[in-house]
Amino acid sequence: MYLSPLPHAQIHTSGRSSRSVIVIGAGVVGMATAYCLARDGLAVTIIDRNLSPGMGASFANGAQLSYVYTDALANPALIKHLPALALGLDPAFRLRPSFDPSQIGWLLTFLRNATQARFEANTLAGLELGLQSRLAMHALLERHPLDFHHRQAGKLHIHQDQGAFASAARMVELKRRHGAMQEVLSDADARAIEPALAGRQAPIAGAIFSPQEEVGDPHLFCAAMNEVLTRDYGVVSRLGSTVMQLSDDGNAAQLMLDSGEVLTAGHVVVCAGIDAKSLLSPLGVRSGLMGMKGYSFNAPAGAIAPVHSITDVARKMVFCCLDDTVRVAGLAELGRMDTRLAADQVRALKAGAEEALPGAADYRRARGEWAGIRPMSPTSLPDIRQVSGRVSINIGHGMLGWTFAMGSAERIAKQLLQGVSA
């Protein structure tokens, strides 16, 4: 694909050499991508519109590193639930109908991926990437012991519906054959290993326990990575700069900033989350992304704070401890693109959290309410590929951006390095 060059402006060369790369986006995916490229000897520049790294969807997400819980969103059970979603009858998951052709196209592709066969295939592809991410994260931390409240907490998926629990148990058997470590627990088993369930009144049909799952603060990760990349790898961070236009003239990639400055490099990797949609559209590249708005808040740990990371499946809500704070995240509004804090949604999240795990946190002292847009693909898998001779994308990580970040970074770096060596 040939993309016409940008008009003449102030041009600053990051490097027309094939070994120079600009990474657009300083969230968890962008920072991980920059690391893998710089580690392998490329000259890297990071650009982000925010003044600090990790200020977009990475800022205050659920903080769970769910390396083996990679179940795709599109599945047969959800399809049966679509009318209720469209009518707003599910308080935790809402679909905002639109006549936008891109949304209609996304939903049609999503529906095609909701068969049992495609659900299983997409889930196992996500599992493979999740396990790769886990290895890559551990390798990174062996080399650079970053401080971002990282720990192996283990994860409990709590099911209230017997049918949903039975389906989840069947998926455990499938994923075990592909390297996942998971256990199926009864109500009594789950309560025995997780003290935070003691105050829960709602029944538990059963739980899925993933003992090797981890947690970590993604915003702190981005900040720590930025420091390491600058200090140890000579990576240049151009924060507070918005990319207005992107071009590939066949010999180098060019991008124009909001200041009017034009940067050139041997290659550009777009890791801009939902913003990639508008950035790539003028190039004729279909991103296949749909925004899914989610919320979170932090609260001081309660008398029976969670020992493990917990997901309440029915409420679509996650809990995890980051130091002495409990992060609660949840709600899903498919098709929403604004990050405005809707007061009713924030109240609903807090009320649902207190009902689910009443003693886990001091909900009256909740703070740091936040909303972000997760870039969903119809398959729940990221799009990692070269879209022109000098432009690649690493986007569409959805609700598992934090989980998939390191693995997808390794994959895009391998692709790009193979091209440099060719």
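Two strands pair if DSSP finds at least two bridges between them, and strands (E, at least two residues) and helices (H or I, at least four) are DSSP runs numbered from the N terminus. The views below show a predicted model, in which local features need pLDDT of at least 70 and side-chain atom pairs count only at pLDDT 80 or more, while totals for chains, interfaces and linings use all residues. Residues are numbered from 1 along each chain as its sequence is written, and side-chain values use heavy atoms, with hydrogens and water left out.

**View 1. Strand β17 and its two partners.** Strand β17 (residues 309-312) and strand β18 (residues 317-322) pair in the antiparallel sense over three bridges. Look for Ile310, which stands opposite Phe319 in β18. β17 also runs parallel to strand β7 (residues 155-159), joined to it by four bridges; here Asp312 is the bridge partner of Ile158. Ser309 and Thr311 point one way from β17, while Ile310 and Asp312 point the other way, and all are buried (under 20% relative accessible area with a 1.4 Å probe, protein chains only; exposed is over 50% and partly exposed lies in between).

**View 2. The turn from β17 to β18.** This hairpin has four residues between the strands. Among them, Lys316 takes a positive phi near 50°.

**View 3. The largest nonpolar core.** A nonpolar core is a set of buried Ala, Val, Leu, Ile, Met, Phe, Trp, Tyr and Cys residues joined through side-chain atoms within 4.5 Å. The largest one here has 42 residues, and those with the most contacts inside it are Leu37, Val44, Met137, Leu146 and Phe221. Two or more residues come from each of β2 (20-24), α1 (28-39), β3 (43-48), α4 (116-143), α7 (218-233) and α10 (401-421). A second, separate core of 31 residues includes Ala207, Cys321, Val326 and Val328. In soluble globular proteins, nonpolar side chains tend to be buried together.

**View 4. The surroundings of Phe221.** Leaving aside residues up to four places away in sequence, Phe221 touches Val28, Met137, Leu140, Leu146, Phe148, Trp402 and Met406. Contact means heavy atoms within 4.5 Å.

**View 5. Helices α1 and α7.** The axes of α1 and α7 come within 9 Å and cross at roughly 25°; axes are lines fitted to C-alpha atoms, for helices over the stretch in contact, and angles run from 0 to 180 degrees between N-to-C directions. The two helices are therefore roughly parallel to each other (angles under 35 degrees; over 145 is roughly antiparallel, 65 to 115 roughly perpendicular and the rest oblique). Residues making the contact include Val28, Met31 and Tyr35 of α1 and Phe221, Met225 and Leu229 of α7. The crossing of α1 and α7 is left-handed, meaning that the near helix is turned anticlockwise from the far one by less than a right angle, whereas clockwise is right-handed.

**View 6. Helices α4 and α5.** α4 and helix α5 (residues 162-176) pack at an angle of about 55°, with their axes 11 Å apart. That makes α4 oblique to α5. Their crossing is right-handed. On the α4 side, Phe119, Glu120, Thr123, Leu124 and Leu127 meet Met171, Leu174 and Lys175 in α5.

View 7. Ala63 has a positive phi of about 70° although it is not a glycine, and its place is in the loop between β3 and β4 (64-65). At 1% relative accessibility, Ala63 counts as buried. In the loop between α4 and β6 (151-152) you will find His149, with a positive phi near 60°. His149 counts as partly exposed, at 29% relative accessibility.
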